[in-house]
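Biologist: I have a new model to look at. Please show it, and let us go through it step by step.

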Amino acid sequence: MLILLIVGGFGLVTHSIFHLQIVQGEELQQRAVDQQTRDVSLSAQRGTIYDRNMTVLAMSSSVWDVVLEPAYIEEEQLDLIVDGLAGILGMEREEVMEHATKNNAYEILARKVENDVKEQILQFKQDNDIGSGIRLVENYKRYYPYGTSTSTVLGFTGTDNTGLAGIEAQYDKELSGVAGRLVTAKNAVGTDMPLQYEQK
């Protein structure tokens with residue numbers, strides 16, 4: 001009787017293993033990848049538009065997205081970081097705090113800030129010995145050296161750097177470039193893993 005129970009139990013375990021690995025294996029593997037990774041799109045630099053004399057009519061220049069890494073903000077520095085960034089970015093303290101206390105490691109706080117703001121944030125981090133919790137991610141902003149005088153022909157782009165009118169829209173595919181991706185891994189409790197697990 002005991003042998004029959006052992007053989008029956010072994011058969012059930014073998015059946016379960018076969019079902020999980022062979023029948024449901026691919027589906028379970030995909031679900032695990034979806035649960036353990038986070039995929040963030042990184043903007044591509046848009047191409048430059050020249051006239052026939054190679055004078056720049058439209059160009060993209062670097063700006064910065066301010067990203068918080070709540071999972072890596074040290075508790076004793078939380079108020080300091082929130083107050084500092086609220087002041088630099090001209091945001092409400094409560095709004096910054098809401099972003100700073102979320103359960104992940106990639107929370108966009110502000111998009112497309114200029115270099116002077118970037119420098120203020122870098123100086124703030126250095127002055128207060130902040131090693132983690134704040135990151136600056138390069139993005140791009142469209143500039144038109146001749147202002148609105150050429151806008152009827154050149155058109156313009158939207159906030160996502162997509163051409164919406166004129167040459168910008170007509171040649172959007174050629175000007176857009178290829179966006180990048182930032183893939184981060186999550187641990188068992190859903191918090192993003194440290195930066196060494198990232199892939200760009």
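Modeller: The secondary structure comes to eight helices and eight strands. Helices (H or I, at least four residues) and strands (E, at least two) are DSSP runs, numbered from the N terminus. This is a predicted model: local features need pLDDT of at least 70, side-chain atom pairs count only at pLDDT 80 or more, and totals for chains, interfaces and linings use all residues. Residues are numbered from 1 along each chain as its sequence is written, and side-chain values use heavy atoms, with hydrogens and water left out.

Biologist: What is the mean pLDDT of the protein chain?

Modeller: pLDDT is the predictor's confidence in each residue, from 0 to 100. In this chain, 68% of the residues reach 70 or more. The mean is 76.

Biologist: What share of the 200 residues counts as buried?

Modeller: Buried means under 20% relative accessible area, exposed over 50%, partly exposed in between (1.4 Å probe, protein chains only). By that rule, the buried share of the protein chain is 34%.

Biologist: Which residues of helix 4 are buried?

Modeller: Helix 4 covers residues 93–100, and its buried residues are Val-96, Met-97, His-99 and Ala-100. They lie on the same side of the helix because they cover an arc of only 160 degrees around the axis, taken from the directions from the helix axis to the C-beta atoms. They pack against strand 3 (56–68), helix 3 (78–89) and strand 4 (107–113). So the buried set is Val-96, Met-97, His-99 and Ala-100.

Biologist: Which exposed residues sit on the face turned away from the buried side of helix 4?

Modeller: An α-helix has 3.6 residues a turn, so residues three or four places apart point the same way. On the face of helix 4 turned away from the buried side, the exposed residues are Glu-94 and Glu-98.

Biologist: Is Arg-46 buried or exposed?

Modeller: Arg-46 lies in the loop between strand 1 (37–42) and strand 2 (49–50). Its contacts include Arg-142, Glu-168 and Asp-172. Because its relative accessibility is 3%, Arg-46 counts as buried.

Biologist: With which side chain does the side chain of Arg-46 make a polar contact?

Modeller: A polar contact is a pair of N or O atoms within 3.5 Å; within protein, one must be able to donate a hydrogen and the other to accept it, and residues adjacent in sequence count only if both atoms are side-chain atoms. Here the distance is 3.4 Å, and the partner is Ser-176.

Biologist: What is the phi of Met-54?

Modeller: Most residues other than glycine have a negative phi. Met-54 is found in the loop between strand 2 and strand 3, and is exposed because its relative accessibility is 56%. Although Met-54 is not a glycine, its phi is positive, at about 65 degrees.

Terms used:
Contact means heavy atoms within 4.5 Å.
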